[in-house]
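Here is a short report on one protein. Look at the sequence and the model first, then read on.

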Amino acid sequence: MASGFCNTCSQLLKEFADHLRSAWRELELKIKEAFRDIGRCNCFRISSERKTAFDLPSLRLNCDNETQLLSHESLQTLNKLATSENTDLQMTSAMYYLHLSHHLNCPLPDAFMEPIVALLLSSDLDVQKTVSLALVNLLLKNNVCKELVIEMGMLVPIIELFRSGDPTAQCHSCACVAMLASSESNRDSLMVDGIIPLLALAKSFDPKVQRNATWALLHLTQSDWSTRLLCQAGAIPVLLLLLQSSDSEVQFYSCTALCNIAAIHEHHPRLLRIGGHYLSRSLLTLMSSPVKKNSAQACRCLQTLSKNVLIQDQLMELDCVMPLKALLKTSTSVWIESALTLLSTLSAHPSNTDILVSEGLLEEIGQVLHHPRSNSVIVTYSCKIITNLCISHVGEQAVMESLCLPGLLCALVSNTLSDETLLHVTSCLHHLMACDVLRTKLSATITSEQVSGLVKLSEQIRNSQLAYNSAAIISELEMTEEMIRLLKPHYTSISKYLLGFLKKKDVKFQQLGVVTIFNLKKDGDFSSLLTNSELKVQLLKVHAQTEETRQLLQMIQPLSTSPVNSGLSQ
């Protein structure tokens, strides 16, 4: 043989080589199986995941670059960590989202929502608390779409956190629900499983949990359907108890929720079913709160309920005027408006008049009319209250002693009031002119600017009732020397609008024109101006028409009493 081995040795060497190849194949197979098993082991996977985790941009100091935070690499890493079986790595992913929620100033891409779902479903409560807080922040900043949160099935694990027994988890989940409920399209989904646990958490002893649960309930009262379901589930007694919470935010949320419920008349029987004036008493107590936004909200709720006569009677029995007067003294217009709206409703009932006057309400109204932030709403309701309370001598006397008249006259020349508001002002003043002492006081205190304002309102044509009211006030001014001096510069303008009144077919305008001319003729200068004027010609025409009408009526009157007509009337 060329190799120099004998046949026996060659055979042995060949068999050895075959055994060696077979043994190597077995060893190679075992090595592959060993590495495959090692690769499947959590130890090896965690090491790999940890290496991946350290590549997250948020773990680099001071990283808040949105491009890095929202990179494809970051998304892949988050998906791996969020679905990891290791809770430490899940927490790394949750912390990333918390970091993201503080630094993100743009919408979160939809793809980044998937890991949040996985983290909410984590078996580790700390992971759930962290990611739910991140979700609250993202919802607050409108970084995520509320509808998408519902569509991706996040609501179920969020509501499950209600039952966790952990105050922090409950607080975060309630805040999430509150934010989601602010979207009308989400309320139906929330109502299915969320009402009962929310009502339970609203009674929590933890103030933060109670606050966020009440906040969520408030959002659920912003649609008729969800409000109806809430009331059926027993929300009203819970919300009433929350009015007495030591937390002012809880008071505000519960009161606002009750206000929304009270706006729907069908819920009034449920609201009034609780005995002992409990509802009225609780709201009046809150109306005395030093926290003025709570006080104003309680007032707004009572105003909504005051359409019910029973509530009005309860309020008067419980001495509601004092806290309402306190609101009138605040510097915030919206709070003043709330108080005036309720007082306007109460003053519309004659049985309440004497009490409201005796409580010094008109004095406060006079002050309100001089308030630097007085607006159309404030002036309008002030006018209504003054008119309502001046049905008795006591009310008229109270107006005399207050700043109501000067306040109304100042409103005449305001540049900020609408025609609708000025209509209320002039109507109120005209009503007050029916009282002799008030007419005398108004005539003595009105200024040149205010007279000019009345004349301008009388001659404007955009609002005929406003013109009528203003002219009616002028027609009843006492023609003293001072008044004549104030009116004289306006005789031409007054004659012009009086001519228009006399030409109208509306009899009330014609009558007002005649009465005004009769009053102004007490000044010889006006009488001279009237001579040979178009106004006098028109006045004579009106007189002739009136005389003709009178004669026709006299002719008709005998016929109406004839036997034939009497028989027909029978």
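A residue counts as buried under 20% relative accessible area, as exposed over 50%, and as partly exposed in between, using a 1.4 Å probe and protein chains only. By that rule, 50% of the 570 residues of the protein are buried. The model is predicted, so local features need pLDDT of at least 70 and side-chain atom pairs count only at pLDDT 80 or more, while totals for chains, interfaces and linings use all residues. Residues are numbered from 1 along each chain as its sequence is written, and side-chain values use heavy atoms, with hydrogens and water left out.

**Overall build**

The protein has 36 helices and zero strands. Helices (H or I, at least four residues) and strands (E, at least two) are DSSP runs, numbered from the N terminus. A contact means heavy atoms within 4.5 Å. Take the contacts between residues at least 6 apart in sequence: 70% of them join residues at least 24 apart.

**The core**

A nonpolar core is a set of buried Ala, Val, Leu, Ile, Met, Phe, Trp, Tyr and Cys residues joined through side-chain atoms within 4.5 Å. The largest one holds 166 residues. Which members touch the most others? They are Leu108, Ile386 and Leu487. Leave out residues up to four places away in sequence, and Ile386 touches Leu362, Ile365, Leu369, Val399, Cys404, Leu408, Cys428 and Leu432.

**Two helix pairs**

Axes are lines fitted to C-alpha atoms, for helices over the stretch in contact, and angles run from 0 to 180 degrees between N-to-C directions.

| Pair | Angle | Axis separation |
|---|---|---|
| α20 (residues 321–328) and α21 (residues 333–347) | about 140 degrees | 8 Å |
| α7 and α10 (residues 167–181) | about 30 degrees | 9 Å |

Angles under 35 degrees count as roughly parallel, over 145 as roughly antiparallel, 65 to 115 as roughly perpendicular and the rest as oblique. With an angle of about 30 degrees, α7 is roughly parallel to α10. α7 passes α10 in a left-handed crossing. A crossing is left-handed if the near helix is turned anticlockwise from the far one by less than a right angle, and right-handed if clockwise. On the α7 side, the residues in contact include Leu125, Lys129 and Ser132. On the α10 side, they include Thr168, Ala169 and His172. By class, this contact has 11 nonpolar, three polar and one charged residues. Here Ala, Val, Leu, Ile, Met, Phe, Trp, Tyr, Cys and Pro count as nonpolar, Asp, Glu, Lys and Arg as charged, and the others, Gly among them, as polar.

Now the other pair. α20 and α21 are oblique to each other, and α20 passes α21 in a left-handed crossing. Leu324, Leu327 and Leu328 of α20 meet residues of α21, among them Trp335, Ile336 and Ala339. The contact of α20 with α21 has 10 nonpolar, no polar and no charged residues.

**Loop residues**

Is each one buried or exposed? Asn142 is exposed because its relative accessible area is 54%. Asn143 is buried because its relative accessibility is 5%. Asn142 also has a positive phi, near 60 degrees, though not a glycine.

His267 lies in the loop between α15 (248–262) and α16 (268–272). At 3% relative accessibility, His267 counts as buried. Beyond its neighbours within four places in sequence, His267 contacts Thr227, Arg228, Cys231 and Ile261.
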